[in-house]
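This briefing concerns one structure and selected features of its helices, surface and aromatic rings. Please consult the sequence and coordinates alongside the text.

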Amino acid sequence: MKTKKQQILNLAGWTWSWVATLALATFGPRFIWDDHQLLTILFVGLNFANGVAMIIANRSFFNSLDEMQRKIQLEALGITLGLAVIFGITYSLLDTTNLIANDAEIGFLVGIIGVTYMVSLLVIRKRYA
């Protein structure tokens with residue numbers, strides 16, 4: 001059985017690996033391999049596989065937590081999911097009805113998700129401390 005520190009490092013490793021493969025799949029066709037379709041397909045597939053491995057590492061991490069830590073994580077994830085759905089649909093609606101000048105970009109929603117999760121995690125941890 002892995003220690004908590006090992007679980008966190010494993011999750012961090014897979015998360016950064018996923019981010020790296022996402023960057024390669026996104027920017028590689030334009031800046032590295034000149035829109036070579038086979039390489040792009042390979043890196044998109046590699047990114048997907050890294051994403052699956054990251055989910056498995058995340059599950060393993062959550063299974064290593066005690067009941068209180070799981071409760072804190074679950075509350076933070078619930079808030080994040082709810083806000084992501086509401087914000088994402090509203091943001092998309094603003095785009096489709098042309099109430100905003102720019103196109104709705106998924107990267108902005110991902111940023112909102114990350115910030116929401118971190119803030120809600122900090123607030124909930126403080127509440128239970």
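The model is predicted. Helix H2 covers residues 37-63, and its buried residues pack against helix H1 (4-31). Six aromatic pairs are present in the structure.

**Helix H2 and its packing**
- Helix H2 comprises 27 residues and spans 39 Å from its first C-alpha to its last, close to the 39 Å expected at 1.5 Å a residue.
- The buried residues of H2 are Asn-47, Asn-50, Gly-51, Ala-53, Met-54, Ala-57 and Phe-61.
- Helix H1 (4-31) is the element against which these buried residues pack.

**Nonpolar surface patch**
- A nonpolar patch on the surface is formed by Leu-24, Phe-27, Phe-31 and Ile-32, which together have about 430 Å² of accessible area.
- Phe-31, a residue of helix H1, has a relative accessible area of 59% and is therefore exposed, the cut-off being over 50%.

**Aromatic pairs**
- Among the six aromatic pairs, Trp-33 and Phe-43 are stacked, because their ring centres are 4.8 Å apart and their planes lie at 20°.
- Trp-33 belongs to the loop between H1 and H2 and Phe-43 to helix H2, so this pair ties together parts that are 10 residues apart in sequence.
- Trp-33 is buried, with a relative accessible area of 11%.
- Phe-61 and Phe-62 form a tilted pair, with ring centres 5.7 Å apart and planes at 50°.
- Within that pair, Phe-61 counts as buried at 11% relative accessibility, whereas Phe-62 counts as partly exposed at 22%.
- Phe-87, Tyr-91 and Phe-108 are linked into a cluster by ring pairs.

Note on methods. Residues are numbered from 1 along each chain as its sequence is written. This is a predicted model: local features need pLDDT of at least 70, side-chain atom pairs count only at pLDDT 80 or more; totals for chains, interfaces and linings use all residues. Side-chain values use heavy atoms; hydrogens and water are left out. Helices (H or I, at least four residues) and strands (E, at least two) are DSSP runs, numbered from the N terminus. The expected span of a helix is 1.5 Å times one less than its number of residues. Buried means under 20% relative accessible area, exposed over 50%, partly exposed in between (1.4 Å probe, protein chains only). Contact means heavy atoms within 4.5 Å. Patches are made of residues with over 30% relative accessible area and no salt bridge: like charges are joined within 9 Å, nonpolar side chains (Val, Leu, Ile, Met, Phe, Trp, Tyr) within 5 Å. Accessible areas come from the Shrake-Rupley method with a 1.4 Å probe; for residues, only the protein chains shown count as cover. A salt bridge is a side-chain nitrogen of Lys or Arg within 4 Å of a carboxyl oxygen of Asp or Glu. Rings of Phe, Tyr and Trp (its six-membered ring) pair if their centres lie within 6.5 Å; planes under 30 degrees apart count as stacked, over 60 as edge-to-face and the rest as tilted.
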